[in-house]
Amino acid sequence: MKPIRLPFLNAGLLLAGLLLAGLLLPGLLLAGGVQAAAADHVHASDAWIRVLPGALPAGAYVTLHNDSAQPVALTGATSTAYAEVMLHHSSTAGGMSRMSMVDTLTVPAHGEAVLAPAGYHLMLMKAKNPVKPGDTVTLTLKFSDGSTLATDFAARPANAIDAGEPHAGH
Ligand SMILES: [Cu+2]
């Protein structure tokens with residue numbers, strides 16, 4: 001009889017463990033989700049959008065500063081103003097300019113990454129309402145560690161080449 005008892009005991013412990021895990025896991029996941037929400041280790045500056053006429057996609061540009069000792073990667077963004085946002089990189093080869101989709105853009109530890117015309121940008125497509133120069137559009141930047149950063153972008157005209165205002169801060 002004794003050899004049979006041990007497996008029963010183990011099965012009972014296993015069941016208790018599974019029940020405990022089932023009760024605790026949802027709470028842990030919820031806590032993790034709340035904790036990951038705000039990217040306080042990344043700061044954005046010179047955030048602007050170049051608005052093109054009609055339904056043409058707009059490019060969004062920003063400088064990202066990483067204050068932490070770990071690299072973090074921009075993976076994309078969402079916006080209530082545009083149905084689609086993609087991370088792109090522009091390059092020129094043989095006099096031809098082309099854009100390609102990229103999965104991530106790394107912001108080095110204690111460093112910065114620059115999204116600027118002719119380089120990395122967020123491509124904003126399918127505006128839900130027409131965006132015009134002078135408007136402010138909020139993009140929620142998404143990072144590889146699960147954090148997000150809501151950033152206000154200033155809409156500028158098609159002939160703009162930069163954020164258009166001096167920044168004394170850095
Ligand atoms: Cu693009």
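In which sense do strand β3 (residues 72–79) and strand β6 (residues 105–107) pair, and over how many bridges? In this predicted model, local features need pLDDT of at least 70 and side-chain atom pairs count only at pLDDT 80 or more, while totals for chains, interfaces and linings use all residues. Residues are numbered from 1 along each chain as its sequence is written. Strands β3 and β6 pair in the antiparallel sense, over three bridges; pairing requires that DSSP finds at least two bridges between two strands. V72 lies opposite V107 of β6. Strand β3 also pairs with strand β9 (residues 136–143), again antiparallel, over five bridges, and G76 has K142 of β9 as its bridge partner.

The protein contains one helix and 10 strands, taken as DSSP runs numbered from the N terminus (helices: H or I, at least four residues; strands: E, at least two). Their order along the sequence is α-β-β-β-β-β-β-β-β-β-β.

Of the 170 residues, 24% are buried (20 or more other C-beta atoms within 10 Å of the residue's own, with C-beta atoms placed from the backbone). The largest nonpolar core comprises 32 residues, a core being a set of buried Ala, Val, Leu, Ile, Met, Phe, Trp, Tyr and Cys residues joined through C-beta atoms within 7 Å. Strand β2 (residues 58–66) is its main contributor, with five residues. I49, A60, L74, L122 and L139 have the most contacts inside the core.

Beyond its neighbours within four places in sequence, I49 is in contact with A58, A60, L124, V137, F153, A155 and R156 (contact: C-beta atoms, placed from the backbone, within 7 Å). Among contacts between residues at least 6 apart in sequence, 69% join residues at least 24 apart.

Conventions:
Buried ≥ 20, exposed ≤ 12 C-beta atoms within 10 Å, placed from the backbone. Contact = placed C-beta atoms within 7 Å.
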